Amino acid sequence: MIRIVGVRFRNAGKVYYFDPRGYRISPKDHVIVETARGVEYGTVVGGIREVEDEKVVQPLKPVIRVATPEDDEREQKNRLREKDAMVICQEKIQKHGLEMKLIDAEYTFDNNKVLFYFTADGRIDFRELVKDLAAVFKMRIELRQIGVRDETKILGGVGICGRPLCCHTFLSEFAPVSIKMAKEQNLSLNPTKISGVCGRLMCCLKNEEETYEYLNSRLPNVGEQVTTVGGVRGEVHSVNVLRQKVRLLVDVNDEKELQEYDVRDLRFRPKRRKDKGKGKEREKDAALEKELKQLEALERKEGKSRLDDN
């Protein structure tokens, strides 16, 4: 086992792991560490913990020191200098007439380099811009082109749910999102309704994907012929995924009638889920099944309570 501590350098950024050595470190403490970009100032997340040796990418760099008041003051000064750097860089971009949008500026803790993040539709020749910036700042200059999702992660905002964006608050890495996830959750395929502030598919489509896959696997398809436990045969008209209810079109006295049944009262051939050959998938199914039963028990209890009140 090896002791590690997680450190984050930017708001909702990726967590990197370091050797805490003999330091007593708590969550939200600030530490000074060495990275590929040089000496950096980061915030501890999660505290010190032990993991197996094979789960750690070696070599594991050590924490240089816990941040001192002087380090905190230096970091604050760097944040203020970044605002001035943004103004200067924007002026230089306009001077050279470059089709690029400046997003953010970042000083390394040791002041050896300043990074500028920008977006653009295509490739930008910014060699002359770098020369001008180097003459002003007297240090190494790095211009990094980012995508629209990274732009939104840096700038932040409010989603259609009314809450701060996930990517700006807690989502450290972007997970792949596809239109299939929206179909699985029976959402409108209108791009304006399932796209986020960045214009890409909303990251939260990934959050409930596994739950919907499991619940849909327990339901018949619309148009499928099923049989109830009472022997009534009908055609599936619609399904309620979350409540696990099925509306059937059945023949009653030579007329078509819609009747609703619990999926447990129906007999049909279940859908086949993709077998990934992993025990974790079976464990997730068992956990989802347990959670579903708890929700059903709660609904029955609430329904009984309403009847007692009446």
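The lining of the largest pocket, in this predicted model, comprises 17 nonpolar, nine polar and 18 charged residues, where Ala, Val, Leu, Ile, Met, Phe, Trp, Tyr, Cys and Pro count as nonpolar, Asp, Glu, Lys and Arg as charged, and the others, Gly among them, as polar. Because the model is predicted, local features need pLDDT of at least 70 and side-chain atom pairs count only at pLDDT 80 or more, whereas totals for chains, interfaces and linings use all residues. Residues are numbered from 1 along each chain as its sequence is written, and side-chain values use heavy atoms, with hydrogens and water left out.

**The largest pocket**

- The volume of the largest pocket is about 1300 Å³, a pocket being an open set of points on a 1 Å grid over the protein atoms alone, where a 1.4 Å probe fits, with protein on both sides within 12 Å along at least five of seven lines; the volume is the space filled by probe spheres set on the points, which are joined across faces, edges and corners.
- Its lining consists of 44 residues, of which F9, R10, G13, K14 and Y16 lie nearest the centre of the pocket; lining residues have an atom within 4 Å of a point.
- Two or more lining residues come from each of β1 (2-8), β2 (15-18), β3 (30-35), β4 (38-51), α1 (69-96), β6 (101-107) and α3 (148-155), with β4 giving the largest share, six residues; helices (H or I, at least four residues) and strands (E, at least two) are DSSP runs numbered from the N terminus.

**Aromatic pairs**

- There are five aromatic pairs, counted when the ring centres of Phe, Tyr or Trp (its six-membered ring) lie within 6.5 Å, with planes under 30 degrees apart called stacked, over 60 edge-to-face and the rest tilted.
- F9 and F18 pair edge-to-face, at 6.3 Å centre to centre with 90° between the planes, and F9, Y16 and F18 form one aromatic cluster.
- F116 and F137 make a tilted pair, at 5.9 Å centre to centre and 50° between the planes; because F116 lies in strand β7 (residues 113-119) and F137 in helix α2 (residues 127-137), this pair ties together parts that are 21 residues apart in sequence.

- F9 is partly exposed, at a relative accessible area of 21%, whereas F18 is buried at 5%; buried means under 20% relative accessible area, exposed over 50% and partly exposed in between (1.4 Å probe, protein chains only).
- F116 is buried at 1% relative accessibility, and F137 is buried with a relative accessible area of 12%.

**Charges over rings**

- The charged end of R74 sits over the ring of F109, 4.9 Å from its centre, the criterion being NZ of Lys or CZ of Arg within 6 Å of the ring centre and within 35 degrees of the ring normal.
- R81 lies over the face of Y107, at 4.4 Å from the ring centre.
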